[in-house]
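Colleague: Here's a model I'd like to go through slowly with you. Pick a single part, stay on it, and tell me how its pieces sit against one another.

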Amino acid sequence: PNGSSFICSGLDDSDKIKSIPNITDAIVEEASEISLDDFSQIQMRLRGKGQLRNQVVLMTNPISKANWVYKHFFEKGCKEPNCIINRSTYKDNKFVNERTVKTLEAYKETNPMYYKVYCLGEFGSLSKQVLTNWTSKELDLDELRKRHLPHLVGMDFGFVNDETAIVESLLDEENKELYVIREFCQTGLLNTDIAAQLKKMGLQKSTIIADSAEQKSIEEIKKCGIPHIKASVKGQGSINQGIQQLQQYRIIVDSSCLFLLEELENYSYKKDKSTGEYINEP
């Protein structure tokens, strides 16, 4: 009604916004995903002649202290003039549902850093280890199977340097517990060998989620009598999304899963050499 227009654009390439005239306002979602240079480019494009002052609104979770948002706006005070900072948490959201609250508050036990960020609204520092919410013990598999928990099987392909890996789990969604009950890891396996191993493990009727990069291998394994194997669904940021989902559970690993236990102990975040902080890149 007032002649305004909304233009949606990505910032994977800041040149995309250079030719857009008369911008009065910019709203950036997930501001931690852009760079300080991107932010500067946005500020330079605000040349509109509206009645109100031109403005940039940045929205983000506080995440790591290694991020430019913390350094520019919080570390030693805000470096921008005429800046308003508003902090809010899930407690300020009158529409939040009970399940979401339960998931967020579970981070207090499973991931203290995420609890600090997503519940308290404070900037956090990542620890070196990606997953810390796991324990190892000898599981009573007969007792677990009596509970009729959903059965999960994941598989990653390897050959020479990397092992083909099969991981079998049971999920207790109500209590937010993931039980890893069995693993298999071996190099040099052909697809026929993998199909034979799945049958040996009694998984020929199970739904198996396999690496989506190996579609040809998946089809070959299907033809070998494993009909319910299918490709995982991946997209941009899927690794971190998967990590974030796993961090919502208490992970209990059977003590026989030696390969997985070694992975959990050594799976770590990269360190920013200039700040000494670990960054959100495993």
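Modeller: Let's start with a term: two strands pair if DSSP finds at least two bridges between them. Strands themselves are DSSP runs of E with at least two residues, helices are runs of H or I with at least four, and both are numbered from the N terminus. This is a predicted model, with local features taken at pLDDT of at least 70 and side-chain atom pairs at pLDDT 80 or more, while totals for chains, interfaces and linings use all residues. Residues are numbered from 1 along each chain as its sequence is written, and side-chain values use heavy atoms, leaving out hydrogens and water.

The part I'd pick is the sheet. Seven strands make it up, in the order S3-S9-S6-S5-S4-S7-S8; the sheet is open and its pairing is mixed. Strand S3 (134–137) and strand S8 (229–231) stand at the edges with a single partner strand each, so one side of each has no neighbour in the sheet. On average, neighbouring strands are turned by 30° against each other, direction ignored. (For angles, axes are lines fitted to C-alpha atoms, for helices over the stretch in contact, and N-to-C directions give values from 0 to 180 degrees.)

Now zoom in on S6. As background, strands of a sheet pair through backbone hydrogen bonds, either parallel or antiparallel.

Alanine 165 has cysteine 185 in S6 as its bridge partner, and isoleucine 166 has phenylalanine 184. In a regular strand, side chains alternate between the two faces of the sheet. S5 and S6 form a hairpin with four residues between the strands. Lysine 176 sits in that turn, and its phi is positive, at about 55°.

On the S9 side, tyrosine 179 stands opposite isoleucine 252. S6 is also mostly covered, since seven of its ten residues are buried (under 20% relative accessible area; exposed is over 50% and partly exposed is in between, with a 1.4 Å probe and protein chains only).

Next, the helices that lie on this sheet. Helix H6 (residues 191–200) lies across strand S4 (151–156), S5, S6 and strand S7 (208–210), running at about 35° to S5. Helix H9 (residues 258–266) packs on the sheet too, where it touches S3, S6 and strand S9 (250–254). The direction of H9 makes about 110° with that of S6. Contact here means heavy atoms within 4.5 Å.

Serine 206 is in the loop between H6 and S7. Serine 206 counts as buried because its relative accessible area is 12%. Leaving aside residues up to four places away in sequence, serine 206 touches His151, Val153 and His228.

With a relative accessible area of 36%, serine 136 is partly exposed. Again not counting residues up to four places away in sequence, its contacts are Val253, Asp254, Ser255 and Leu261. For a sense of scale, serine 136 and isoleucine 226 are 30 Å apart in space, C-alpha to C-alpha, and 90 residues apart in sequence.

So how does the picture come together?
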